[in-house]
Amino acid sequence: MYNSNAPLANTTMRVGLVGTGYAAKLRAEALRQDIRAHLVAISGHTSERTAALAQEYQTEVMNSWQQLVARKDLDLVIISTVNRDHGQITHAALTSGKHVIVEYPLSVDIKEAEELIALAKAKNKLLHVEHIELLGSWHQALKQHLLQLGQLFYIRYSTVKPEHPAPRKWTYNHELFGFPFIGALSRLHRLTDLFGKVLTVNCHQRYWETQSDYYQSCLCVVQLYFATGLLAQVIYGKGESLWQSERKMEINGEKGGLILDGDTGILLQPEETKLIGVSGRRGLFVKDTTMVLDHLLHGTSLYVTPQQSLYALKVADAARRAAETGLTIFLTKES
């Protein structure tokens, strides 16, 4: 990871953006709000959407991400496109001497992710893998109250999103999105950040597919057994075959429990049950972008390292192997 002893104080960061979707738009808006950054160019899969976003943010259109990362007038490339392409674009950007922000996952392949971290170190360039779940109110509430629960023994964490009909978009495509817990890596990274080393992984998955290339629903359930003795069950589902929306975490400890359900938090203990503050999720991409600029320009610390993201990716890949084989996957010391 980038570790410069001479931060670029009083310098404007010239930025290129790859992507035109939800995250890309939030990145563009964050850059527009920060006088320390200048969005120089955008590239995307669809020419119409790329042109529209470039017009909105008064920036230049590039015909391909290859042309964008090759530009000599960029300091930083932000990658907010389909998961499948993250690794390839990151490699090209680092090789051409750019700092990189990439939305999780760094890559859908563990070996490639490891190589990218090594490449960033060799080039002395920042490689920042976005994990805004760590900045949100859920995660902060967890950190604040976990000690009150005593020894933890069971967690159930579910994010289910029914969509009728399911959209024909890249998040419903095996190749473009990746295995569910790799594409949605934040679900596992939130837990590894809080609870550390995972010993064993079990996983089952199901897809509903009635059209070529795109599935209409998926449901994936993983069980993680941590070195602390904690058992976590994580559920991820989306699409037409699901009917009840859910974003909920239930944490059970020997001295109490904690329930996070949407924008509501409840702390349960023998002597009382009380509501805890859990605000919305707005503004996290701005916060992440600001922290990266602070780091590059003034040398301040970041909230996550690529190595931490890599570990969560290894756990997610173990879940993939468990789902494919039906076997329990044991994570080695090297993992």
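Select β9 and β10 to start: they form a hairpin with 4 residues between them. In the turn, pick glycine 229, whose phi is positive at about 95°. Strands here are DSSP E runs of at least two residues and helices are H or I runs of at least four, numbered from the N terminus.

A word on the model before moving on. This is a predicted model, where local features need pLDDT of at least 70 and side-chain atom pairs count only at pLDDT 80 or more, while totals for chains, interfaces and linings use all residues. Residues are numbered from 1 along each chain as its sequence is written, and side-chain values use heavy atoms, with hydrogens and water left out.

**The sheet**

β9 and β10 run antiparallel and are joined by 9 bridges. Valine 222 has valine 234 in β10 as its bridge partner. Two strands count as paired if DSSP finds at least two bridges between them. Strands of a sheet pair through backbone hydrogen bonds, either parallel or antiparallel.

Now select the whole sheet. It is open, with 9 strands in the order β14-β13-β12-β11-β7-β10-β9-β8-β15 and mixed pairing. β14 (272–276) and β15 (329–330) stand at the edges with a single partner strand each, so one side of each has no neighbour in the sheet.

Strand β8 (residues 198–208) pairs with β15 in the antiparallel sense over 2 bridges. Look for threonine 200 opposite phenylalanine 330 in β15. β8 also pairs with β9, again antiparallel, over 10 bridges. There, valine 198 stands opposite phenylalanine 226 in β9.

β13 and β14 form a hairpin with 2 residues between them. Their pairing is antiparallel over 5 bridges. Glutamine 269 faces glutamate 272 in β14.

**Helices α6 and α9**

Select helix α6 (residues 137–145) and helix α9 (residues 186–195). Their axes come within 11 Å and cross at roughly 25°. That makes α6 roughly parallel to α9. Axes are lines fitted to C-alpha atoms, for helices over the stretch in contact, and angles run from 0 to 180 degrees between N-to-C directions. Under 35 degrees counts as roughly parallel, over 145 as roughly antiparallel, 65 to 115 as roughly perpendicular and the rest as oblique.

Show side chains next. Trp138, His139, Leu142 and Lys143 of α6 meet Arg190, Asp193 and Leu194 of α9. Contact means heavy atoms within 4.5 Å.

**Helices α5 and α11**

Move to helix α5 (residues 110–123) and helix α11 (residues 306–325). They pack at an angle of about 170°, with their axes 10 Å apart. The two are therefore roughly antiparallel to each other. From α5, select Ile110, Ala113, Glu114 and Ile117; from α11, Pro306, Gln307, Leu310, Leu313, Lys314 and Asp317, which they meet.

**A salt bridge**

Last stop: glutamate 103 and arginine 27. They form a salt bridge, with the closest N and O atoms 2.9 Å apart. Glutamate 103 lies in strand β5 (residues 99–103) and arginine 27 in helix α1 (residues 22–33), so the pair ties together parts that are 76 residues apart in sequence. A salt bridge is a side-chain nitrogen of Lys or Arg within 4 Å of a carboxyl oxygen of Asp or Glu. A search of the whole structure finds 18 salt bridges.
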